[in-house]
Amino acid sequence: FTGDFHAIGAANNLLAAMIDNHIFQGNALKIDTRKITWRRCVDMNDRQLRNIVCGLGGKTNGMPREDGFDITVASEVMAVLCLSADIDDLKARLARIIIGYNTDDQPVTAGDLNAHGAMAALLKDALKPNLVQTLEGTPAFIHGGPFANIAHGCNSIMATRMALKLGEYAVTEAGFGADLGAEKFIDIKCRMAGLKPSAVVIVATVRALKHHGGVSKAHLGEENLEA
């Protein structure tokens, strides 16, 4: 594996560090510390870190402010990586990330901080899809994983395009549920990548079919062919 999750976390936290360093060094962009939307991330479910106060410890240790941690896959960097067509597209998308607002309520971007180049450098290897194989020996690309409930919930455009180039057909999974997976795959990923799926496979349980057929939750375990 190319270490895409670790690199995404590093790029995310590099931007966070550059935000705080910019404020510490004089805050030329007039970033409002109360309106910083960019959060740090860690690849661990730790509710204690969701909301924190950072920059404590005196004058040399930064400006105190509220902050927090998200899980790595929830980082916008993850979504950006998976929607990028190449390294130049990645840089452009990183530069457009809004990190917060200034004292005039105008958005401040990663490009304003000149952070996108360094972030892209950390992601240059992570941009390459991971080629693995199933237990049956079938080749598969595992690359990226943005949350479907807050992002588009699909693997990278580069991995899908590479799979289409290397085989007669490619099968890809999108999110979870038709609303968080199929819709975003078709409406976002396919439009941006110019993909045109030839078929869609829907996985549904009998309980789910009965539920959508009007059966109450208490009676889902009962046989009901009409539903």
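I begin with the second largest pocket, whose lining comprises 13 nonpolar, eleven polar and two charged residues. Here Ala, Val, Leu, Ile, Met, Phe, Trp, Tyr, Cys and Pro count as nonpolar, Asp, Glu, Lys and Arg as charged, and the others, Gly among them, as polar. This is a predicted model, in which local features need pLDDT of at least 70 and side-chain atom pairs pLDDT 80 or more, while totals for chains, interfaces and linings use all residues. Residues are numbered from 1 along each chain as its sequence is written, and side-chain values use heavy atoms, without hydrogens and water.

A pocket is an open set of points on a 1 Å grid over the protein atoms alone, where a 1.4 Å probe fits, with protein on both sides within 12 Å along at least five of seven lines; lining residues have an atom within 4 Å of a point. The volume of the second largest pocket is about 640 Å³, the space filled by probe spheres set on points joined across faces, edges and corners. Its centre is closest to Pro139, Ala140, Phe141, Val171 and Thr172, among 26 lining residues.

The largest pocket holds about 1,000 Å³. Among its 31 lining residues, Thr172, Ala174, Ala199, Val200 and Val201 lie nearest the centre. Helix α6 contributes the most, with five residues; helices are DSSP runs of H or I, at least four residues, and strands are runs of E, at least two, numbered from the N terminus.

Finally, strands β6 and β7 run antiparallel, joined by three bridges, and Ile98 has Thr109 as its bridge partner.

Terms used:
Two strands pair if DSSP finds at least two bridges between them.
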